[in-house]
Amino acid sequence: MKFFLVLIFVLFSFFGLNAQEPILRNFSISDGLPSSEIYHVFQDSKGFIWVSTSEGACRFNGYQFEVYDISAGLPENTILEVYEDYKGRIWFITLSSEFAYLENGRISLYKNNNTTRDLFSGAFHPVKNTFSVKNDESIEFVTQNYIKTTVYINGEYNQIKFTDPQVLPNLLTEKDYYSGYKYMSEEYIFNKPIPKTVRFPFLPVFSSNNTMLSWGTFLFLPSETNNIEIREFDEHINYSAIIDEKIFVCPAKQGVYMLSKENGNYKEDISFLNGLSISYLIKDSDGGYWFSTLQDGLYYAPNINVLFFNNGEDRLFTSIARHRETIWFSDYNGNIYKKTKNGFFEFKNPYPKRQVSKILANNKNDTLFLAGYGMPLTKIAGNKIIYDQNYNPAPGHVLSVNDFIIDNNNNYCLAQSTSLLVLNKSLKPVYDSRISTNARKRFDAVCLSNKNEILAGAMDGLYILSYYSNLEYLGNLNPLLKSRISSIKKFEDGFAIGTKGAGLIIYLPDTIINISKEQGLLSNSIKKVYVEDRNIWLATNKGLTCVKINSIKPFSYLIRWFGNSKGLPSGEINDVLVCCDTVYLTSNKGFSFFNYKDVEPNQEPTRLYFSEIFIAGKPVNISNKYELDFNNNSIDVKFIGLNFRCMGNILYKYKMQGVDKEWNFTTNPLIRYTNLPIGENILQIMVQNEDGYWSKTPESIVFYVKTPFYKTTVFFVISFIIVLLFLIGILSIIYKSRLRRENEKSQLTNELNKYRQQALAHQMNPHFIFNALNSIQYFIYKNDKENANNYLAKFSQLLRLVIENSQKQNIPLKSELQAVELYLELESLRFRSDFDFHIHIDKEIETETKYIPTLLIQPFVENAIWKGLLHKESGQKSLFIRVFKRGIQVICEIEDNGVGRLKAKAISEKRSKYSSTGSKLTKTRLNMINNLYGSEINLKYIDLKDNNDQALGTKVILFLPLQLGETNE
């Protein structure tokens, strides 16, 4: 028999209003602040945040702090306040009443610092919010000894002193700033005695609907009935302000109290930063709040309207449910909390360290149900937690519930890590998918249809359970329904389905619609879905998304995002619930809630500024247009988007007109271009704000790359003239050169013809003709008709061939060799039997197409016979002519076995008789031919000797180029 254990839990702990506070980010020395002791925080007209510290002032751009101290030019490091004047100059107010200002990136000291320093000698410093710069360049401030000082531009000064605070309100006028405190309207009167403990300073603050006065430890709140409510704090009030009709009071060591007027009375909304002394606070242009502290650096709240609760630690909270006017939520450790009008209450889970995955409110019987991992199904009624200690639906099985609902028959439908389970109101199993399908399957979501059917989301897609028996897989209807399903909620006549990977699926009777990151979701991984009218809220791993459905047919929607930039404690949202315009959500770092109408999307563009520009690696002053030399056309552009809610996580897009065709996207605030083209290049940059709105117009800089001189019209004209003159000069030189060459060639040709005629005359000299005719006569005398006729025929053929060849500059090698052969045959007849000759021609040489100068070889043959062989007294007289190819040359060798050149020369000098000059003429001709044609015909003599150095003859070698004289011209 089952029995129920009833545990009555008393209130475990009560968290007052101090348990809820906005999300705050702390900036300390590790983030770049020069000191944790901060006196003032200020936003200038450009949007930069300035912080005054005990170790200098610094400017914050959302990425880093830029420090200004003595080393940067300040008179001292203790900066009490930062002020911006009518010229946009940033003034630094110091503890010693010395001043400096920042203008165009340079710090200058105030010219009358000697006067201000000597007046107070460091004993009294200026009171905050009293310093001002007038149009006449005079400055005005109030010091702690109740003296208002005005210093004029010429160094003269004026002082007004007041000591009686009772008469001060009568001295104030609407335009005066005595002590730097603004005018208090005369319609408000102090109907209560001012406490004797009240001392200076006091601070009246005004807005359109609220007025207040802080004085020492007292806060005066005038009412609509001209009465004044006085509140006293334990410590004196460092600072108070009215922002958006809310009153902020900052007592020393007590953090911040935020009050608002409701039905004519003031109520305390929240308090936070308890234990810290707040020295100043502002609301920036993006709606964020900045709090400077005297001991813990700087705090920033992106949105004061988003509050969170985390029980004093970064705790992971899981599920949310609403039961009447109470909001219930749970943490990862299994603790249960409820939020009421009176605060936060905590219930200890009887199953510690067991995560509660689902809280379900049943408004019919005022019961709250809990389910989770390793814990039984649990009920909460009032302050009672009721659970079935003995319940176990299957032997050896522990419930691990991811989601559950109660159907119209009061059955419990549970999506478990291993099955889909249905229990009746007696907690007995009605259906178990493990039994019906014989498979273990993880289910993460369940939802009840209008027909009392159960839609279940599993790892492999969507299922529907009808009549607790038939489990049908719907994934085959559409590929989207095969996605891993994490959450299902009713929407219109269908369902809104969250998936892990496919985004949001809207499953309607006649259509299936998918909305994913491509359509604007923050993430495709959805943990929970909540439907409020036509708003579909999605808890994702990258923030909270609201999909507002405008119409179904045609389908249209609008997407809004809520993340860290909107003040949420974490981007990992685990569950979401919306009630009466208030959004409640659990995340990995706490429980948060806010009225989403107070968190409107920011449509104002993020301001963008250029911080540094480098041209060819060198820094230049910021300008909107630059002219670059063509050889110094590389640029680096650093810029900054001032959006503190994004804290550096800002998306930019840029395009260089003339270079880029499409926009480039980046989160890096640095752009680099090398080798910009000649002409106008316009760099355009746009920035996206935290809600996805882009700049309305891009910020632009023009980079004009000058045309190099060698591409200008003037250069082209000058170059054309120079080139023209150069061409004329070259043509003139060429003409004169060719004319000179032609003259030289004509002269060489004439000389060559002259020597050719000499060579011809030498070859046909009378001595040779006489010897030839004498030989013919000898054959006739001997009646040797055959030899006479043969000799005469060869002689006549030789004469004809020589005459024909002499008419040409170049002749085929074959013709030259024929003439040489005829000459040798005639000489052999005259020498009788003791003379022989041999002519060898390489087969590779085409003698008919290979041309050589006329009468080139014959003189060397004649010289070999008349100087070498003729003087040989005994033995066979031989002559060898060899013609062959070697590399790129044709070699012609004329070799004899005569007496050699030395002996022939001696004999010639002794006898002084005929000596052949043909070889000398040929050498001269060769030099002329080489000069005329640019050829390289070389000549070499080799004296042949035996081992005893005795002459064996002479070898003449002619080196002829392969391409020499390929024509007969």
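Author: Let us begin with M647, which lies in the loop between β59 and β60 (652-657). Strands (E, at least two residues) and helices (H or I, at least four) are DSSP runs, numbered from the N terminus. The model is a predicted one: local features need pLDDT of at least 70, side-chain atom pairs count only at pLDDT 80 or more, and totals for chains, interfaces and linings use all residues. Residues are numbered from 1 along each chain as its sequence is written, and side-chain values use heavy atoms, with hydrogens and water left out.

Reader: What is the phi of M647?

Author: The phi of M647 is positive, at about 50°, although M647 is not a glycine.

Reader: Is M647 buried or exposed?

Author: A residue is buried under 20% relative accessible area, exposed over 50% and partly exposed in between (1.4 Å probe, protein chains only). M647 counts as buried because its relative accessibility is 17%.

Reader: Which other residue has a positive phi without being a glycine?

Author: E492 is such a residue, with phi near 50°. E492 is found in the loop between β45 (485-491) and β46 (494-499). With a relative accessibility of 43%, E492 counts as partly exposed.

Reader: Which residues are joined by a cis peptide bond?

Author: K553 and P554 are joined in this way, with omega about -5°. P554 is placed in the loop between β51 (543-551) and β52 (556-562).

Reader: Please place these residues within the chain as a whole.

Author: The protein chain has 10 helices and 71 strands. Of its 969 residues, 52% are buried. Two residues are in contact when heavy atoms lie within 4.5 Å. Among contacts between residues at least 6 apart in sequence, 53% join residues at least 24 apart.

Reader: With which residues is S592 in contact, leaving aside its neighbours within four places in sequence?

Author: S592 touches L307, F308, P569, V583, Y584 and L585. P569 is 23 residues from S592 in sequence, and the C-alpha atoms of the two are 7.6 Å apart. S592 belongs to strand β55 (residues 590-595), and its relative accessibility of 0% is why it counts as buried.

Reader: How are the rings of F329 and F344 arranged?

Author: The pair is edge-to-face, with 6.2 Å from centre to centre and 80° between the planes. F329 belongs to strand β30 (residues 326-331) and F344 to strand β32 (residues 343-347), 15 residues apart. F329 and F344 are buried. Ring pairs also link F329 and F344 into a cluster with F309, F317, Y337, Y584, F591 and F593.

Reader: Which charged residue lies over the face of F593?

Author: A charge sits over a ring if NZ of Lys or CZ of Arg is within 6 Å of the ring centre and within 35 degrees of the ring normal. K339 lies over F593, at 4.7 Å from the ring centre. The charged end of K338 sits over the ring of F345, 5.6 Å from its centre.

Reader: How many of the 12 residues of α8 are buried?

Author: The number is 11, so α8 is largely enclosed by the rest of the structure. Among these buried residues are F860, V861, I865 and W866. Helix α8 (residues 858-869) reaches 15 Å from its first C-alpha to its last, close to the 16 Å expected.

Notes:
Rings of Phe, Tyr and Trp (its six-membered ring) pair if their centres lie within 6.5 Å; planes under 30 degrees apart count as stacked, over 60 as edge-to-face and the rest as tilted. The expected span of a helix is 1.5 Å times one less than its number of residues.
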